[in-house]
Amino acid sequence: MGYVLKDCDYAISWINGELRIIKNATVVIEDGLIAGISEGAYSRGFENIDCKDHILMPGLVNAHTHTPMSLFRGFFDDAELPLWLSKIWNVEKELNYNIVSAASELSIIEMIMSGTTAFTDQYFYPQATAEVVLKYGLRAALGPPFMDTMRDPKQVENELRNFASEYASSQLIRPIINVHSVYTVGRDTLLRIKELSDELNLPIHIHASETRDEVYEIKSKHGVFPVEYLNALGLISSNLQLVHLGWVTNWELGIIAKAGAKVIHAPTSNMKLATAGHFPMRELMDMGVIIGIGTDGPASNNSLDMFREMKMAVLLQRHSYWDVGIKAHHVFRAATINGYTILGLRGGCLDRGCVADVVLLDSKNPQLQPLRTDNLLSNIVYSVDGSSVDLVLVNGRLIYEKSRDYYALRERAVRLGKEINEFIGRFLP
């Protein structure tokens, strides 16, 4: 099965490692992969999709989120991280499979409608989220979270093994080892996680150096900073994904770069929760570290729109550095090709052989005007938002078409919101 995306006004993508913009582009998709891109007509015996008045681009990867936390959207907004977490954790003790499923579905609807084609998730009941992922047809990296302060690590390990076995051959679900943080997981558990990562060949995804308090606590307990502590336990490797890194030393950056670990920037959440610090994006890029971008959860963002997040990433970096060294193409790369690299896939690109996860934007949207080749990327990063998305394909399959799906998904989201309110209402003041 395949598609021919015909006569797109523009196609923007990483092609042979370089950012290119092609006018009047036609892309062929076959067996879930990009089969070719050209200027002008292309004849093939596949279903045609007329892309006139549209921009073709790779799908966006939300490299760190907590999808079921749409439960907590607007629940406890105006607090710093420690107090915020205490309120959230109190409710999370009462979670169940059904409510996690409903909240996951609400978030996944939002992500699909705003052009996210893949995401990395850290939350309880990952099986519930996985079922929704497969229902809607996007990609996700998932796994039960290790968090000793709330769950028995042996139970989490059993869940992880079962989850990894069930989805080992899935094209859309990629099992991962989720670890909340070094302040909620003990030394013995971290050592066991390292063994599991080696045994199962799974990446590890962890919050690290998010706040000044975390750094002080780990330094006080262990005599080293969080990244140094993880390195001493053997966890810093090419299989590790570190999220936040707002309070990290120069020498820790060297440890990360030498090991080939990946990092994820979540700018909006960091600003909202007043974690301060500074994510050293320019230094990490100069060291060759792969950087992704994530929204974090819809409790601490509160949006899951990756177009907004790209803009926030540039603006926060420029504000922090006092210069314009971080540019639109840096965050576009982080949200596309880098995001797929973190997932372990060749994607975020329109080269032959890239996974066919692509998005069409309405090129007549006022947010994109005036539109030219020279300002296309700028408009995508600084001006447009997810409302411009008209069509989404993942793995070569059409999973969202605005003209066909918009109203049905909107009504479904409203029904899910009512179900969530019935649950969360018990915890409101």
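A salt bridge here is a side-chain nitrogen of Lys or Arg within 4 Å of a carboxyl oxygen of Asp or Glu. Asp 351 and Arg 346 form one, with the closest N and O atoms 3.7 Å apart. The model is predicted: local features need pLDDT of at least 70, side-chain atom pairs count only at pLDDT 80 or more, and totals for chains, interfaces and linings use all residues. Residues are numbered from 1 along each chain as its sequence is written, and side-chain values use heavy atoms, with hydrogens and water left out.

Burial comes next. Buried means under 20% relative accessible area, exposed means over 50%, and partly exposed lies in between (1.4 Å probe, protein chains only). Asp 351 has 11% relative accessibility, so Asp 351 counts as buried. Arg 346, at 47%, counts as partly exposed.

The salt bridges total 18. Arg 73 pairs with Glu 110, the closest N and O atoms being 2.6 Å apart. This pair links distant parts of the chain. Arg 73 sits in the loop between strand 6 (60–65) and helix 1 (81–92), while Glu 110 sits in helix 2, 37 residues apart. Helices (H or I, at least four residues) and strands (E, at least two) are DSSP runs, numbered from the N terminus. Arg 73 is partly exposed because its relative accessibility is 35%. Glu 110 is partly exposed too, at 22%.

Lys 402 and Asp 390 also meet in a salt bridge, 3.6 Å from N to O. Lys 402 belongs to helix 15 (residues 402–424) and Asp 390 to strand 17 (residues 389–394), so the pair ties together parts 12 residues apart in sequence. Lys 402 is partly exposed at 25%, whereas Asp 390 is buried at 17%. Elsewhere, salt bridges that share partners join Glu 157, Arg 161, Arg 192, Glu 195 and Glu 199 into one network.

Now the cysteines. A disulfide is a pair of cysteine sulfur atoms within 2.5 Å. The whole structure holds one disulfide. It joins Cys 349 to Cys 354, with 2.0 Å from S to S. The link of Cys 349 and Cys 354 is left-handed, with -105 degrees about the S-S bond. Both Cys 349 and Cys 354 are buried. Cys 8 is in no disulfide; its nearest cysteine sulfur, that of Cys 51, is 3.3 Å away. Cys 8 counts as buried because its relative accessibility is 0%. Cys 51 is likewise in no disulfide, and Cys 51 is buried, also at 0%.

Next, the interior. In soluble globular proteins, nonpolar side chains tend to be buried together. A nonpolar core is a set of buried Ala, Val, Leu, Ile, Met, Phe, Trp, Tyr and Cys residues joined through side-chain atoms within 4.5 Å. The largest such core has 137 residues. Leu 5, Phe 72, Leu 190, Leu 242 and Ile 380 touch the most other members. Helix 2 (residues 97–113) gives the most to this core, with 10 residues. Contact means heavy atoms within 4.5 Å. Not counting residues up to four places away in sequence, Ile 380 touches Ile 12, Ile 55, Met 57, Phe 307, Met 310, Phe 332 and Leu 361. Another core, of eight residues, lies apart; among them are Ala 141, Ile 176, Tyr 340 and Val 355.

Glu 252, Leu 253 and Ile 256 are buried. Seen down the axis of helix 8, its buried residues fall within an arc of 105 degrees, so they line one face. That arc is taken from the directions from the helix axis to the C-beta atoms. The buried residues of helix 8 pack against helix 7 (226–232), strand 13 (240–244), strand 14 (262–265) and helix 10 (281–286). On the other side of helix 8, Asn 250 and Lys 258 are exposed. Gly 260 follows helix 8, and its phi is positive, near 75 degrees.

Aromatic rings close the tour. Rings of Phe, Tyr and Trp (its six-membered ring) pair if their centres lie within 6.5 Å; planes under 30 degrees apart count as stacked, over 60 as edge-to-face and the rest as tilted. The structure has eight aromatic pairs. One of them, Phe 72 with Phe 75, is edge-to-face, at 5.6 Å centre to centre and 65 degrees between the planes. Phe 72 is buried at 1%, and Phe 75 is buried at 19%.
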